[in-house]
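Biologist: Could you show me the structure, please? I would like to go through it with you step by step.

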Amino acid sequence: MSRIDPSGSPAVPLDTTLETGAAPPPSKAKAREASAPTSTARNEVRAYDGPAAHAPKGPASQPAPSSSGQAISAGELTARGGRLGPSNASSSEVPDNVYSDIRSQLTWRFGNLCINESNVKAVHTALGTLQPGAYRVALDRMERDGLLADYVKAQDPATRKAFLEQAESKGMLERRKGTAPAGPLGYPAEPDFFRNDPKLLESMRKAVNEHAMDVGSAYYRAHAEYLGRYVDAVNDAKSLRDIRALGEPRGAQLKDNVLGIGRKDPAGESYAAEWRRAIGQPRSLNLAYQTVNARYRELTDERAGGSILLHGKGSVTSHGVKLSEQVQVDTRGKAGAKTEAGVVLSGGRLEVELSQDSKGTKNVETTLDLGLLKLSVDSEGTRKAELSAGKLASVFVTINKEKAELGGGVLAEVEAGESKLEGEAGYTMKGLTPDRVRESFDKDHRGVFDLPRELEAGKSWDALTDKQRAAYEKEAWTREEWTQTLAREQRKRQ
């Protein structure tokens, strides 16, 4: 039977909630409808368990907060190396006035068409006032706004270094420590390098790499200056002992690992390649070793291979007595003079000259005169062929196989009664002697900086033979230096 509403009463929709008055008890069917969920209930049959209980009406529940803890951007999370720090809102909050100042310093405007040194210093000062957390957030924000790239681009080497040191103090960078200067000649200290971490902001990585280029190039320049001082010191050495005291010349080689780039860094090789191109190659040690070798030959009265000696000589012979003066200079700029005195004995085509120079070196030269051609040989093994080019002049060539010397020149002579005047100008080229050639291939050859075999074997100075002591004395070894070196080597072995 259909429900008949009272006259004049409005119909109440079934889904309308009555707020006042006592509602009539619902029918059993409607009670079941009210107790059943409208959207997620399953369509099933169950036993009746009484009317549905109405939960007491309480205060409206508050919506859950959208986030808890510290909010952090993806860029800042990258700058932190993927680590979330403790929740501290104040330490990561960048004051608006600070960032506005930074933005104004790095923004091009009328009257300030470029970022100058004062702008860079102002930004550096502003960043320095921030706490580490806020510092990271500020750099992340600057990177997103394109300001950090402009800031880094405007830096010179000094301000770039100051910026990176500031970032290090804020906990954003790690540094690889270098070395200290060493030796009496100031071998340069290997510089510090900041680690080019792939977790850094891109502009930060570029700044780190630019700094690595600056210090790497400066290190190689300082090494070249050190080698220049080393060469000067070798040339000024008065004995082989002085050269040994300098030690061997030290090289310089920076490898990619100083950059701190990981193997799995996708951009690592491009940064390393750019760095290698910028710093170039270190100065070779060849010149230093050549100088040591040449000075060694000089101090042992030998000439270095490859050198050219120019000389001029004038002599006077009268009544069988000959006096001569010779001036010479080599290609390294070393000049010297030598005076000789002797007697000349002649008979027919054969002539013998006995002489002694100012250093006490004696020499005997025998000459065979064949007219247009004169052949001679002296006690040092120098052979000379002289070809007449007229009555007053001739040309000559010389060769000495033992000394590996080859030379030539011109000669003029004038006779006046019993006296004869001679003038000579020529050159001598020095090659490698057979001994030096053998040394080049001898793996056991000992150089200037190598310890004598007898010393390495623990022999005392007195245990050496007279011949061995004479050879080492020529190399400026003394009893005192030998004994001190022997004691030092024995302490090393203990």
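**Helix pairs, a helix and two residues**

Modeller: In this predicted model, helix H3 passes helix H5 in a right-handed crossing.

Biologist: At what angle do H3 and H5 pack, and how far apart are their axes?

Modeller: Helix H3 (residues 96–105) and helix H5 (residues 132–145) pack at about 40°, and their axes are 12 Å apart. That angle makes H3 oblique to H5.

Biologist: Which residues make the contact?

Modeller: On H3 they are Tyr99, Ile102 and Arg103, and on H5 they are Ala138, Arg141, Met142 and Asp145. Sorted by class, this contact has 4 nonpolar, no polar and 3 charged residues.

Biologist: Let us turn to H7 and H8. How do their axes cross?

Modeller: The axes of helix H7 (residues 157–169) and H8 come within 10 Å and cross at roughly 125°. H7 is therefore oblique to H8. The crossing of these two helices is left-handed.

Biologist: And which residues are in that contact?

Modeller: H7 contributes Pro157, Arg160, Lys161, Phe163, Leu164 and Ala167, while H8 contributes Met204, Ala207, Val208, Glu210, His211 and Asp214. By class, the contact of H7 with H8 has 7 nonpolar, 1 polar and 4 charged residues.

Biologist: What else does H8 pack against? I am thinking of H10.

Modeller: The buried residues of H10 pack against helix H8 (202–236) and also against strand E2 (193–194).

Biologist: Which residues of H10 are buried?

Modeller: In H10, the buried residues are Gly268, Tyr271, Ala272, Ala273, Trp275 and Ile279.

Biologist: New topic: Thr317. Where is it, and is it buried or exposed?

Modeller: Thr317 lies in strand E3 (residues 308–318). Its relative accessibility is 13%, and buried means under 20%, so Thr317 counts as buried.

Biologist: What is Thr317 in contact with?

Modeller: Leaving aside neighbours within four places in sequence, Thr317 is in contact with Lys322, Val344, Glu418, Ser419 and Lys420.

Biologist: And Leu372, is that buried or exposed?

Modeller: Leu372 counts as exposed, because its relative accessibility is 62% and the cut-off for exposed is over 50%. Its place is in the loop between strand E7 (362–369) and strand E8 (373–378).

Biologist: What does Leu372 touch?

Modeller: Not counting residues up to four places away in sequence, Leu372 touches Glu386, Leu387 and Ser388. Leu372 and Lys391 are 19 residues apart in sequence, and their C-alpha atoms are 9.9 Å apart in space.

Biologist: Finally, the whole protein. How many helices and strands are there?

Modeller: The secondary structure comes to 15 helices and 12 strands. Of the 494 residues of the protein, 33% count as buried.

Definitions and conventions
Residues are numbered from 1 along each chain as its sequence is written. This is a predicted model: local features need pLDDT of at least 70, side-chain atom pairs count only at pLDDT 80 or more; totals for chains, interfaces and linings use all residues. Side-chain values use heavy atoms; hydrogens and water are left out. Buried means under 20% relative accessible area, exposed over 50%, partly exposed in between (1.4 Å probe, protein chains only). Helices (H or I, at least four residues) and strands (E, at least two) are DSSP runs, numbered from the N terminus. Contact means heavy atoms within 4.5 Å. Axes are lines fitted to C-alpha atoms, for helices over the stretch in contact, and angles run from 0 to 180 degrees between N-to-C directions. Angles under 35 degrees count as roughly parallel, over 145 as roughly antiparallel, 65 to 115 as roughly perpendicular and the rest as oblique. A crossing is left-handed if the near helix is turned anticlockwise from the far one by less than a right angle, and right-handed if clockwise. Ala, Val, Leu, Ile, Met, Phe, Trp, Tyr, Cys and Pro count as nonpolar, Asp, Glu, Lys and Arg as charged, and the others, Gly among them, as polar.
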